[in-house]
Amino acid sequence: MENKEVLLSAEQIDQRIQEMAKQISRDYQGKRPLLVGILKGAFVFLSDLIRYLDIPVEIDFIAVSSYGADTSSSGVVRILKDLEHSIQGKEVLIVEDIVDTGLTLNYLIDNLSSRQPKSLKVITLLDKPDRRKVEMKVDYCGFKIPDRFVIGYGLDYGEDYRQLTDLCILEP
Ligand code: PRP
Ligand code: 7HP
C-alpha cells in the first residue's frame, strides 16, 4: 500500500474553484459557453466548477486516454468517446484536470479547432509546467504544481483514488 501526502486540501481546491468560476463568469457574461469535460479525470472538477458559475452553460464530454495504468504518458492519444453534438459556431471551453506533458491537450486543441468553434479556450485545475513537452496556452489555471504524481479529486493511479477529496502525492 502506497503512502499519501496531501498537496492541496479539499478546502484549498474549493476556494480556488470559486475564484476561477468568478473570473470565467465575468469573461463569458451574456454568453452560453459549451464546457467540454475530458473524461475521466476532469469529471469531479467540472461538476464542482459549474455549480459556482452564474452564467448558463452547456456540458458535453469527450473521453481520451494516454496514460493507461502507467504514471507517464505514452504520447499516444486515443478518443474513446466523442462529443455528442457539433461544436461549430460555439464558444467552447475545454475542462481538464491536469496538464502534464501537454500531449493530450495539444491533440484535443487541434482536433476541436478543426470542428470550427467560434472560440476555444482551456481551463485546467492543475498544471505541471516542468513536464511540458509541447507548449500551448492555458487560459484558466487553478494551481501550478511540482513534478510529482498526484492522485485524488478525480485523478487516478491505475483507476484507484479518484474519490479522494484532497489532492495527494503518490509515493510508490
Ligand atoms: C490524464 C489527465 C489528462 C492527461 C494529461 O488523463 O486527465 O487528460 O492525462 O497528461 P498529458 O498532459 O501528459 O497529456 P489519463 O490519460 O490518465 O486518463 P483519465 O483522465 O481517464 O485518468
Ligand atoms: C496525468 C496524471 N494523472 C494522475 N496524476 C498525475 O500526476 C498525472 N499527470 N498526468
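Tutor: Let's start with a word we'll need: a residue is buried if its relative accessible area is under 20%, exposed if over 50%, and partly exposed in between, using a 1.4 Å probe and protein chains only. This is a predicted model, where local features need pLDDT of at least 70, side-chain atom pairs count only at pLDDT 80 or more, and totals for chains, interfaces and linings use all residues, while side-chain values use heavy atoms, without hydrogens and water. Residues are numbered from 1 along each chain as written, with chains lettered from A and ligands numbered from 1 in written order.

Now look at Arg162, which is buried because its relative accessible area is 14%. Its side chain meets that of Asp156 in a salt bridge (a side-chain nitrogen of Lys or Arg within 4 Å of a carboxyl oxygen of Asp or Glu), at 3.5 Å from N to O. Asp156 is buried too, with a relative accessible area of 16%. Arg162 also forms a salt bridge with Glu159, this time at 2.9 Å. Glu159 counts as partly exposed, since its relative accessibility is 45%. Bring in Lys40, and you have a network of salt bridges linking Lys40, Asp156, Glu159 and Arg162.

Lys40 also leads us to ligand 1. A backbone N or O atom of Lys40 lies 2.9 Å from an oxygen atom of ligand 1, which is a polar contact (N or O atoms within 3.5 Å; within protein, one must be able to donate a hydrogen and the other to accept it, and residues adjacent in sequence count only through two side-chain atoms). Glu96 reaches an oxygen of ligand 1 with a polar side-chain atom, at 2.6 Å. From Asp100 it is a polar backbone atom that lies 2.8 Å from a ligand 1 oxygen. In total, 18 residues surround ligand 1 (a heavy atom within 4 Å), and Glu96, Asp97, Thr101, Gly102 and Thr104 are the closest.

Elsewhere, the salt-bridge count comes to 17. Among these, Lys118 pairs with Glu91, with the closest N and O atoms 3.8 Å apart. Lys118 sits in the loop between helix 3 (103-113) and strand 6, and Glu91 in strand 5, so the pair ties together parts 27 residues apart in sequence. (Helices, H or I of at least four residues, and strands, E of at least two, are DSSP runs numbered from the N terminus.) Lys118 counts as exposed because its relative accessibility is 61%, whereas Glu91, at 13%, counts as buried.

Which charged residue is buried yet has no salt bridge? That's Asp60, whose nearest side chain of opposite charge, Lys81, is 4.2 Å away (Lys and Arg count as positive, Asp and Glu as negative; His and the chain ends are left out). Asp60 belongs to strand 3 (residues 58-65). A polar atom of the Asp60 side chain does lie 2.9 Å from the backbone nitrogen of Glu84. Leaving out residues up to four places away in sequence, Asp60 has contacts (heavy atoms within 4.5 Å) that include Leu34, Val36, Lys81, Leu83 and His85.

Phe45 is one of the buried residues of helix 2, together with Val44, Leu46 and Leu49. These buried residues pack against helix 1, strand 2 (34-39), strand 3, strand 5 and strand 6.
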